[in-house]
Amino acid sequence: MTALELLEAIGDVNGAYILEAQSVREPRPRRRTSKWKILILAAAMALLLSGCAYAVLKLQDLQLGQWTPNPVFMDETERDKPHPSRDVISLHGFAGSPGFQALQEWLEFKNTYDTDESGQNNYSSPEAYRSFFCFNQEMQDKVDELCQKYGLNLPGRSIISYDAEGDLFPSVGISSILREDAAVIYTFEGAGTYFQSGNFHLPGKLTLTDSAWTSPFVYFFSYTSKDCFDGNFMSVGSIDSFQQWTYTASDGTPLLLAVSPESCLVLADRGNAVISITVCYPICGETVLGDEPMTHAALEAFADCFDYSIKPLGIGRTYPGYAEFLTGLCPAPTENDLYLLRDLDGDGSDELLVTHNGSFSLVLTMENDRAKIVYFAPDLWLSGDVILDNTYVQEGQEIYRMLAFREGRFEYENYIENSVLKEGWGKSAALGDKPYWEVPITADEAWGIINSYELRQPRWFPVADFPGFAGAPIAVTEEPTFPEALTPEELGRAAETDLEFYLEGQPTATAAQLFIGQGYSLYVNHTDWFLEQSENTDLWTSEYNPDVQLAVTFYPGLDAEDTHRAIRDRESDYQLGADKRGGLNGLSQDRVMQLSIAIYETDSGTFAVSCRYPMAAAEGFGTRLSVMADTFELWPES
């Protein structure tokens with residue numbers, strides 16, 4: 001099976017999902033993407049599904065018809081070759097259900113759509129339509145037509161998450177996708193995606209610890225509400241290639257299990273939603289799940305590991321008391337006024353965390369339908385269910401407070417202090433509401449305690465978007481207008497080049513391709529990076545290390561000085577100073593991460609090109625990032 005055939009198996013799914021899933025990492029050092037990994041990505045991306053309307057019987061009840069690969073998504077060398085149609089199934093619902101009918105019409109529309117004049121190189125659809133690959137307004141209008149015709153909703157804005165347990169799960173209001181008593185060793189490594197509706201898709205790996213089947217399962221878990229329409233389908237080659245059977249999970253959930261020569265499926269109809277899990281195993285000469293073909297018993301044991309009772313709540317649950325508080329706190333919010341809802345103590349009610357004027361300063365809870373402030377301190381960090389306050393760091397004194405929220409109030413879990421007046425490091429022996437006595441410890445012991453709390457960067461949302469917020473919308477600077485994307489020839493730059501740098505004292509060269517953004521261009525290595533694009537920012541993240549990032553951000557309407565202030569507010573966890581070239585450079589508060597930013601001012605705004613990487617990787621990734629960043633050039637003036 002060729003790489004093209006593997007990619008054909010997923011249908012016309014959004015390429016961004018493929019890039020996101022590429023960061024599913026093994027514990028061992030990474031290699032270049034292998035053929036079996038490509039198929040894992042393909043199957044994972046194909047299983048972006050919506051729900052079934054009736055009890056799951058068999059895959060044939062989901063059959064939509066056939067799908068013809070679209071040449072728009074092929075390399076030029078592959079477009080003229082024959083590409084046979086493949087059987088496709090709807091996981092939005094059975095034949096006759098609203099989701100099934102909408103998807104069937106969408107597939108027919110795409111199979112017969114004239115892509116020659118579709119304008120796919122110039123049109124950018126809103127983020128809510130991302131998974132439909134709309135090339136122009138006509139396609140976007142078709143999506144709206146189908147949603148209205150069948151009473152379906154779009155899943156909403158998609159949000160990428162690299163931290164399932166610290167970000168994705170809390171954001172959609174669940175604790176895990178695995179049963180608490182599952183005897184497994186597991187990881188959630190890589191990019192998951194969740195939506196405003198509560199739908200989410202997540203890659204993972206687990207190993208059964210009490211089964212004769214000891215090889216790891218690499219899988220992709222998906223939860224989709226039946227009232228959502230995302231346009232994706234699953235291409236299975238031939239439905240007849242699957243062995244299918246029904247199975248009742250240990251929690252009583254009826255499941256459909258299916259095995260083919262390429263993958264395994266686990267499907268659960270949850271009434272108003274569908275849960276699907278796809279697993280890949282021996283493929284392309286490499287073994288992922290062991291030397292033997294998948295057995296029914298092994299897949300059943302795997303299926304029993306999951307919690308099918310989860311009910312994601314979605315983002316933006318309604319709290320009128322919080323909305324009233326936020327409206328009073330910042331009636332005219334800025335882009336630095338943000339909020340986060342998180343159930344800190346597991347009582348089913350979310351606490352409100354507020355970043356005001358660029359500083360995470362407030363934690364509130366609900367009491368008699370009113371918002372009540374329970375904690376105030378500047379610049380807090382989240383570590384799982386623990387809040388770590390590490391902002392009191394100045395010459396001669398360092399204080400690290402670790403607090404957990406229990407029964408409506410915060411209690412100290414740890415308190416570490418380094419003071420010149422007390423001649424070194426100490427920790428509190430008594431905690432509770434307030435630590436009051438310190439036991440001398442060494443610096444190594446202190447940092448061992450501090451570093452045992454894995455700091456997590458939560459996902460914040462604009463205060464103006466909080467449900468029920470009655471203040472003014474965030475003022476948005478008028479966006480500049482750019483001409484249509486230029487070609488390398490018009491920019492006077494080669495489409496490809498070799499980037500040269502020294503690595504461990506030896507000259508090294510790596511191939512790079514010209515990326516043409518809005519108003520700028522730069523060279524990025526061909527492989528090992530994936531791109532995320534959001535409003536005014538293009539972000540490249542290393543496939544090998546998610547802490548290594550290259551970003552180009554445009555600040556519309558701001559000059560260089562204002563951009564400096566905006567960056568300092570945005571990167572308040574870094575100690576940034578001006579460099580000789582007019583940019584910014586500095587370390588994170590914990591001195592683990594390096595951030596350097598180059599500034600390019602234009603008449604309509606300012607570009608910031610940032611390189612972010614761990615200090616331990618300064619000689620490797622740091623060098624590569626700086627070489628790529630130095631290739632940044634503005635478009636020539638028209």
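Strands (E, at least two residues) and helices (H or I, at least four) are DSSP runs, numbered from the N terminus. The structure is a predicted model, in which local features need pLDDT of at least 70 and side-chain atom pairs count only at pLDDT 80 or more, while totals for chains, interfaces and linings use all residues. Residues are numbered from 1 along each chain as its sequence is written, and side-chain values use heavy atoms, with hydrogens and water left out.

Strand E32 spans residues 593–601 and contains Glu 601. Glu 601 has a relative accessible area of 49% and is therefore partly exposed (buried means under 20%, exposed over 50%, partly exposed in between; 1.4 Å probe, protein chains only). On the surface, Glu 601 gathers with Asp 559, Asp 603 and Glu 637 in a patch of negative charge. Patches are made of residues with over 30% relative accessible area and no salt bridge, like charges being joined within 9 Å and nonpolar side chains (Val, Leu, Ile, Met, Phe, Trp, Tyr) within 5 Å. A salt bridge is a side-chain nitrogen of Lys or Arg within 4 Å of a carboxyl oxygen of Asp or Glu.

Five strands form an open sheet in the order E16-E15-E14-E13-E23, with antiparallel pairing; two strands pair if DSSP finds at least two bridges between them. Strands E16 (370–376) and E23 (461–462) are the edge strands, each pairing on one side only. Strand E15 (residues 359–367) is joined to E16 by six bridges. Arg 370 in E16 is the bridge partner of Glu 367. Strand E16 also holds Ile 373, which is partly exposed at a relative accessible area of 43%. A distance of 6.0 Å separates the C-alpha atoms of Ile 373 and Val 363, which lie 10 residues apart along the chain.

Definitions and conventions:
Areas by Shrake-Rupley, 256 points an atom, 1.4 Å probe, with all protein chains shown as cover. Lys, Arg positive; Asp, Glu negative; His and termini not counted. Charge placed at Lys NZ, Arg CZ, Asp CG, Glu CD.
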